[in-house]
Amino acid sequence: MTIGKILNSLEKSWERDHILLNIKKGLGTAEIVNEFLVKNERQIRELNSLLRPEDIDLLNQVEQLSTCESKLINEIKNLNYLENNDNRQISNQTRTEPSKSVFFKRISSFMINWSNKFVVIALLTISAIALSKQAWA
């Protein structure tokens, strides 16, 4: 099987909507990742065997990109929290916050724009590498 076919298959297995449902159900990120790794172990091992050293360097860069995106989201969330608290203290008026579904749609739109297929595939590959390192250790 080629890298492209493996990555496409893994991408189909890593459905964002399904992942978000698991998060809403209270599953932790470690549980979600481990479940994915167990379900796709054969493909991940095959993918790992096809990776070249330059692919690993690229995966490290994508991992750093993902970390930056996570920090950015956290900063935006913190700024929003601070602004809401400041506005409440200054005006003494209750602001209605957008419903969770509107907020969720905005965050989803933001993540879709920032996280393209390449990032998701690279994250899956990073997970595959970690799993294979654990398996061979």
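**Close-up views of a predicted all-in-one chain model**

**View 1. Burial across the protein chain.** Of the 137 residues in the protein chain, 25% are buried (under 20% relative accessible area; exposed is over 50%, partly exposed in between; 1.4 Å probe, protein chains only). This is a predicted model: local features need pLDDT of at least 70, side-chain atom pairs count only at pLDDT 80 or more, and totals for chains, interfaces and linings use all residues. Residues are numbered from 1 along each chain as its sequence is written, and side-chain values use heavy atoms, without hydrogens and water.

**View 2. Helices of the protein chain.** The protein chain has 7 helices and 0 strands (DSSP runs numbered from the N terminus: helices are H or I, at least four residues; strands are E, at least two). Its pattern along the sequence is α-α-α-α-α-α-α.

**View 3. Arg42 in helix α4.** Arg42 sits in helix α4, residues 41–50. Arg42 counts as exposed because its relative accessibility is 55%.

View 4. A pocket is an open set of points on a 1 Å grid over the protein atoms alone, where a 1.4 Å probe fits, with protein on both sides within 12 Å along at least five of seven lines; lining residues have an atom within 4 Å of a point. Of its 12 lining residues, Leu7, Leu51, Leu58, Leu59 and Thr125 are closest to the centre. Helix α7 gives the most to the lining, with 4 residues.
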